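Please have the sequence and the structure open as I speak.

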Amino acid sequence: MSRVLGAALFGVDGTVVEVEVRISSQLPRTDIVGLADAAVRESAARVRAAIGSSGLAFPDRRVTVNLAPAHLRKSDPGLDLPIAAAVLAAAGQIPPERLAGIGLVGELALDGRVRSVRGALALCLALRDAGCTRVVVPAGNAAEAALAPGLEVRAALDLASVARHLAEGEPLPLATPPAAPASDPPGPDLGDVRGQAFARRALEVACAGGHALLLRGAPGCGKTMLARRVPALLPPLDFDEALEVTRIYGAAGRLSEAEPIVWQRPFRAPHHTASPAGLLGGGSPPRPGEISLAHHGVLFLDELPEFDRRCLEALRQVLEERCIVIARARTSCTFPAQLQLVAAANPCPCGWRGSASRDCRCDDAAIARYARRISGPLLDRFDLQVEMQPVAWSELDAPATAPASREVRARVGEARRRAAQRAGGRYRTNAEIPDALLDAAVAATPDARALLGRAVERLGLSARAARRTLRVARTIADLAGDARTGGEAVAEALGYRDRITRGE
Ligand SMILES: [Zn+2]
């Protein structure tokens, strides 16, 4: 009997699978047990053919493959390679002691080539956490897998060389992760924007504090144009963030050999016709949705009121918990969704309400229905709400005066550093300051407190709205480099909330 470690993907997480092979002196036949689904049961045929094609002998007796733990349904073709190694070890072609501390990942082609798998990084992280110090992965996944800290990653092209590596110690190429690019993030620059100074400022505050932002305005006033500039306003991904994002993209099958690692902040802009599974994650086996593909990046929801009601209600939960749990009969997957949300909405179904250039054709009932599509509790979670007007010709005609993205990014990065220092690892951005820590973090001046108190009475702000206003004010103070949050910061924060509270 032999034992080899492999791993299977559940959502965006890997789980270590122990592959045990027993060879008994009965009629030739291969069984795979341990809740393997069709893709894994087919593994028997692939492994047999690949071993034969590699000039090795598949045992001519009864082979039983057991996959543990037995309660998890396994659907990964990436278990081919550990199964093949376990068969060869059980047949005496690989000394079992040479398999200690090694994890194997890879699908086998019939001719013995090792094929890339989905989620290689997640699988390798699981193997590392289980005590493996070396992993053998498909060459096509080597750069992605090499991102896993604390692991020796070896790249395999075919089963024959893996067998020689394991049996005789013949070296396989050592994989190293490509370096992060030093260039500026791609995408359009904020410096090209004419006018919209108020919206640009709101963008900066949103990015500095991780606050959700809602842009309202007629079609063509520049909502999408501004949203596309948000990724370049955020500091570059740090190593741990890049690791998390790459793990998710790998599990979603969205990495390629040309781009094995995600170094740039993602920008996702799903259409409003997206299904709940497409937006939130789901399917069988569950795959991450757009909100998780936007993890540590930007999620832009254009025409927010047009999204599926179920998606909008789930979004509220996502903004609170920064992840989503997809429940299934046997198991549930947690997909991370720590994202910068930017949403856009027209003022009415036709889009032209309040416009000077065209007439709105919507009746009052249609406008009210449209407004109701975004529930109060969801609207409440947009800390910043901006009403955008078309840019005047005089501004379009004048030279651009907006600061470049690089300049804003530096200020945002500085404000985020201040927040992180204060947080001491308890939260990441000001939008996430827990209620219990809020007063100490905000350190509002008496002035600021009095101003907020008056606003609560005048506008009928809820306690939650007041707390959210304080978080935005803290961010504004961080951008200014102030240790305490003053009246001016609270006044500016209230300016982004006024319309939300009045429900307009
Ligand atoms: Zn209208």
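Let me begin with a question: which residue forms a salt bridge with Asp380? The partner is Arg497, and the closest N and O atoms of the two are 2.9 Å apart, where a salt bridge is a side-chain nitrogen of Lys or Arg within 4 Å of a carboxyl oxygen of Asp or Glu. Asp380 lies in helix H14 (residues 376–380) and Arg497 in the loop between helix H20 (487–495) and helix H21 (498–501), so this pair ties together parts that are 117 residues apart in sequence. Helices here are DSSP runs of H or I with at least four residues, strands are runs of E with at least two, and both are numbered from the N terminus. Asp380 is buried, with a relative accessible area of 13%, and Arg497 also counts as buried, at 1%; by buried I mean under 20% relative accessible area, by exposed over 50%, and by partly exposed anything in between, with a 1.4 Å probe and protein chains only.

Before I go further, a word on provenance. This is a predicted model, in which local features need pLDDT of at least 70 and side-chain atom pairs count only at pLDDT 80 or more, while totals for chains, interfaces and linings use all residues. Residues are numbered from 1 along each chain as its sequence is written, and side-chain values use heavy atoms, with hydrogens and water left out.

As for the overall picture, the protein has 21 helices and 18 strands, and its C-alpha atoms fill a box of roughly 85 × 45 × 45 Å, taken along the principal axes. Of the 504 residues, 53% are buried. If we take contacts, meaning heavy atoms within 4.5 Å, with a separation of 6 or more, then residues 24 or more positions apart account for 75% of them.

Returning to salt bridges, the structure holds 34. Asp478 forms one with Arg422, the closest N and O atoms being 2.8 Å apart, and this pair links distant parts of the chain, with Asp478 in helix H19 and Arg422 in helix H16 (residues 405–423), 56 residues apart. Asp478 counts as buried at 1% relative accessibility, whereas Arg422 is partly exposed at 24%. Salt bridges that share partners also join Glu320, Asp380, Arg381, Asp383, Arg464, Arg468 and Arg497 into one network.

Leaving aside neighbours within four places in sequence, Arg468 is in contact with Glu320, Asp380, Arg381, Asp383 and Arg497.

Another pair is Arg29 with Asp31, whose closest N and O atoms are 3.0 Å apart. Here Arg29 is partly exposed, with a relative accessible area of 46%, while Asp31 is buried at 16%.

Finally, consider an arginine from another helix. Arg247, in helix H9 (residues 239–251), is buried, with a relative accessible area of 16%. Apart from neighbours within four places in sequence, Arg247 is in contact with Val12, Asp13, Leu121, Ala122, Leu125 and Pro336.
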